[in-house]
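Q: I would like to learn how to read the side-chain features of a protein model. Could you take me through them one at a time, with the general idea before the case?

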Amino acid sequence: SRDLGRLGLADDQVIEALLEKVKNDTDPLVKCEASKSLFLLGTWEAANINVLIGYLKEGTHEAILDFLDVIESALMESSLNETEIGVSGDHIVLLSKALSGLLRHSVSDVVFASAVSIALLNGKHTCQSAVRTLLFVAQGDERDNRAKALDVLVYDVELKSAPLVNHLAWQIKMARRTNHRLQAVTGLETMADSIDRLLNAKESNDLISMLQARLWEDPSQVVKLAVADCLSSFKWHRQSVELFFRQLDSNKADHRAQAVVAMAPLRMRGEKHIHALIELVEMDPSPYVRKCAVQTLGHLGVNSPRVLRQLREKEKLEGPLGRQAARALQQLQQVSN
């Protein structure tokens, strides 16, 4: 029975046969698997909800986790608003109460899975105990659960709070996986219209500084571009552009290099910006800064005659600068094509 749900065979005859098994079969295991298939097929009838509630109240923690996994998959596939529901709101309330009861379960995986299901089921009306559970997991050590909790809080619960901003900021700065950092940046961007209300002046400045640092610290160009978009959403883009443009004149080579690297995700393609990069390529005393400037010219995709001439000259050189110039020219050729 369960395979029918996994295969997505949402045929009327299939659903009718599954409902018949849930209502009348004498084997509890058959009723259980038929019920799971119905959820996966988007069918929320009183009969299969009652089977689910029974397992949530009396099943082993393994059986509970299995059912919660099915519910999460079903709700991720399509929200209840998009599903044909054959039950009254009372059954959904009973299901929510059964899920809420699991927030006091002794097994932490059950508690977290229950909080996720509650959030997916109730959205912005998620109970505070489930929100607190998700926030707790969002600052935990388990990377996948942490990322899932943040995702659910941002997009399903649509929570906007200072603790959530802090958790997202931590994820942007510390997460090892690129997709987790990217997810946190896009989640933070959804709070652009609320950030002034959520953070005080010092907290806002700290957040700006952290995001600006990611423009040159993050190893992923995709994340850097997302951070630049986030800064734009927060109306901090111009401020960041001005900051890094001034930093090009720093006496410290590492500061100049940081500014050069940040110019690409900030899309600093203005004439004065390109002129400054070419000057750095020609005259900066630091080989590393010159290499970064060549790399940024390639990322920016500006194939003006002066840029191309400068890169072709550097391509003739041996060593890292010559190799970087060759890669930049390849990038610009791809842009042209």
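Predicted model: local features only at pLDDT ≥ 70, side-chain atom pairs only at ≥ 80, totals over all residues.

The dialogue below takes up salt bridges, aromatic rings, cysteines and the nonpolar core in turn.

Q: What counts as a salt bridge, and how many does the structure hold?

A: A salt bridge is a side-chain nitrogen of Lys or Arg within 4 Å of a carboxyl oxygen of Asp or Glu. By this rule, the structure holds 11 salt bridges. One of them joins Asp66 and Lys36, whose closest N and O atoms are 2.4 Å apart. This pair links distant parts of the chain, since Asp66 is in helix H5 (residues 61–77) and Lys36 is in helix H3 (residues 28–40), 30 residues apart. Helices are DSSP runs of H or I with at least four residues, numbered from the N terminus.

Q: Are Asp66 and Lys36 buried or partly exposed?

A: Buried means under 20% relative accessible area, exposed means over 50%, and partly exposed lies in between, with a 1.4 Å probe and protein chains only. Asp66 counts as partly exposed because its relative accessibility is 23%, whereas Lys36, at 3%, counts as buried.

Q: Which helices does the salt bridge between Glu72 and Lys148 tie together?

A: The side chains of Glu72 and Lys148 meet at 3.0 Å, N to O. Glu72 lies in helix H5 and Lys148 in helix H9 (residues 143–155), so the bridge ties together parts that are 76 residues apart in sequence. Glu72 is buried, with a relative accessible area of 14%, and Lys148 counts as partly exposed at 29% relative accessibility.

Q: Which residues are linked in a network of salt bridges?

A: The network links Arg181, Arg214, Glu217 and Asp218. Within it, Asp218 forms a salt bridge with Arg181, and the closest N and O atoms are 2.7 Å apart. Asp218 lies in the loop between helix H13 (201–217) and helix H14 (221–233), and Arg181 lies in helix H11 (residues 178–189), so the pair ties together parts that are 37 residues apart in sequence. Both Asp218 and Arg181 are buried.

Q: How is a pair of aromatic rings described?

A: Such a pair is described by the distance of the centres and the angle of the planes. Rings of Phe, Tyr and Trp (its six-membered ring) pair if their centres lie within 6.5 Å; planes under 30 degrees apart count as stacked, over 60 as edge-to-face and the rest as tilted. The structure holds 4 aromatic pairs. Among them, Tyr55 and Phe67 form a tilted pair, 5.4 Å centre to centre with 55° between the planes. Tyr55 is in helix H4 (residues 46–58) and Phe67 is in helix H5, 12 residues apart. Tyr55 counts as partly exposed at 24% relative accessibility, while Phe67, at 0%, counts as buried. Phe234 and Trp236 form a stacked pair, 4.7 Å centre to centre with 20° between the planes, and both are buried. Ring pairs also link Phe39, Trp44, Tyr55 and Phe67 into a cluster.

Q: Which charged residues lie over the face of a ring?

A: A charge sits over a ring if NZ of Lys or CZ of Arg is within 6 Å of the ring centre and within 35 degrees of the ring normal. Lys36 lies over the face of Phe67, at 5.2 Å from the ring centre, and Lys272 lies over the face of Phe245, at 4.9 Å from the ring centre.

Q: How many disulfides does the structure hold?

A: A disulfide is a pair of cysteine sulfur atoms within 2.5 Å, and the structure holds 0 of them. Cys32 counts as buried at 4% relative accessibility, and Cys230 is buried with a relative accessible area of 0%.

Q: Which residues touch the most other members of the largest nonpolar core?

A: In soluble globular proteins, nonpolar side chains tend to be buried together. A nonpolar core is a set of buried Ala, Val, Leu, Ile, Met, Phe, Trp, Tyr and Cys residues joined through side-chain atoms within 4.5 Å. Of the 111 residues in the largest nonpolar core, Leu207 and Leu211 touch the most other members. The largest share of this core, 10 residues, comes from helix H7 (residues 108–122). Leaving aside neighbours within four places in sequence, Leu211 is in contact (heavy atoms within 4.5 Å) with residues including Cys230, Leu231 and Trp236.

How values were computed:
Residues numbered from 1 in each chain as written. Heavy atoms only, no water. Helix = DSSP H or I, 4+ residues; strand = E, 2+ residues; numbered from the N terminus.
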